[in-house]
Every structure is written in C-alpha cells, then in structure tokens.
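Please keep the sequence and the structure in view while reading.

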Amino acid sequence: MEVIKSLDKLALSPTLRARQKYLLGSVLDKLWRDDAAKKAYKEAIAADPKSSWAKLAKSALEL
C-alpha cells in the first residue's frame, strides 16, 4: 500500500493517476477501511472522469 501511496509524489497523467487512486481504493476496501477507500475512488473519478478506471471506481462506490 505504501508503494501505491508513494505515487502521490510523482507527476502522473490523469489516466495513470485515476489508475493509482482506483488501485489504492481497492486495497483499502479489502482492508475494511471503507471511508479511505471511498475517498480514493472519488479521487480516481476526479483525476480522469472518462477513463475506464473512473468507471470502475464509480461501480465500486455503488456497492
């Protein structure tokens, strides 16, 4: 998880930022950290709303 969070310090394209935040949300979700996971999913959507990662994040938020 620290590796995924460390990417916050790098300049990433919007799509890669959405991917990073979605993957972070997925890890947090599996660790039962629901509020943090929701925040990461929302950040994925904000990073690149039209990306496939944003669509996956939207689906995860609906569960």
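## Helices and the loop between H2 and H3

Helices are DSSP runs (H or I) of at least four residues, numbered from the N terminus. The model is predicted. Trp-32 belongs to the loop between H2 and H3. Its phi angle is near 65°, a positive value in a residue other than glycine. Is Trp-32 buried or exposed? With a relative accessible area of 74%, Trp-32 is exposed, because the cut-off for that class is over 50%.

## The packing of H2 against H3

Two packed helices are described by the angle between their axes and the distance between the axes. Helix H2 covers residues 14-30, and its axis comes within 8 Å of the axis of H3, with a crossing angle of roughly 165°. H2 is therefore roughly antiparallel to H3, since angles over 145 degrees are placed in that class. The crossing of H2 past H3 is left-handed.

Which residues make this contact? From H2 come Pro-14, Arg-17, Ala-18, Lys-21, Tyr-22, Leu-24, Gly-25, Ser-26, Leu-28 and Asp-29. H3 contributes Asp-34, Ala-36, Ala-37, Ala-40, Tyr-41, Glu-43, Ala-44 and Ala-47. Sorted by class, the contact of H2 with H3 holds eleven nonpolar, two polar and five charged residues.

## Residues brought together by the fold

Leu-16 is placed in helix H2. Its relative accessibility is 42%, so Leu-16 counts as partly exposed. Along the chain, Leu-16 and Asp-48 are 32 residues apart, while their C-alpha atoms are separated by 8.7 Å.

Lys-38 is part of helix H3. Lys-38 is likewise partly exposed, as its relative accessible area is 43%. What is the C-alpha to C-alpha separation of Lys-38 and Leu-61 in space? The two residues are 6.5 Å apart in space, although 23 residues apart in sequence.

Ser-51 counts as buried because its relative accessibility is 7%, and the buried class lies under 20%. The side chain of Ser-51 also reaches the backbone nitrogen of Ala-54, at 3.1 Å.

Conventions: Residues numbered from 1 in each chain as written. Predicted model: local features only at pLDDT ≥ 70, side-chain atom pairs only at ≥ 80, totals over all residues. Heavy atoms only, no water. Buried < 20%, exposed > 50% of the residue type's maximum accessible area, 1.4 Å probe, protein only. Polar contact = N/O pair within 3.5 Å; in protein donor to acceptor, adjacent residues only side chain to side chain. Axes fitted to C-alpha atoms, helices over the stretch in contact; angles between N-to-C directions. Helix = DSSP H or I, 4+ residues; strand = E, 2+ residues; numbered from the N terminus. Parallel < 35°, antiparallel > 145°, perpendicular 65-115°, else oblique. Left-handed = near helix turned anticlockwise from the far one by under 90°. Contact = heavy atoms within 4.5 Å. Nonpolar A, V, L, I, M, F, W, Y, C, P; charged D, E, K, R; others polar.
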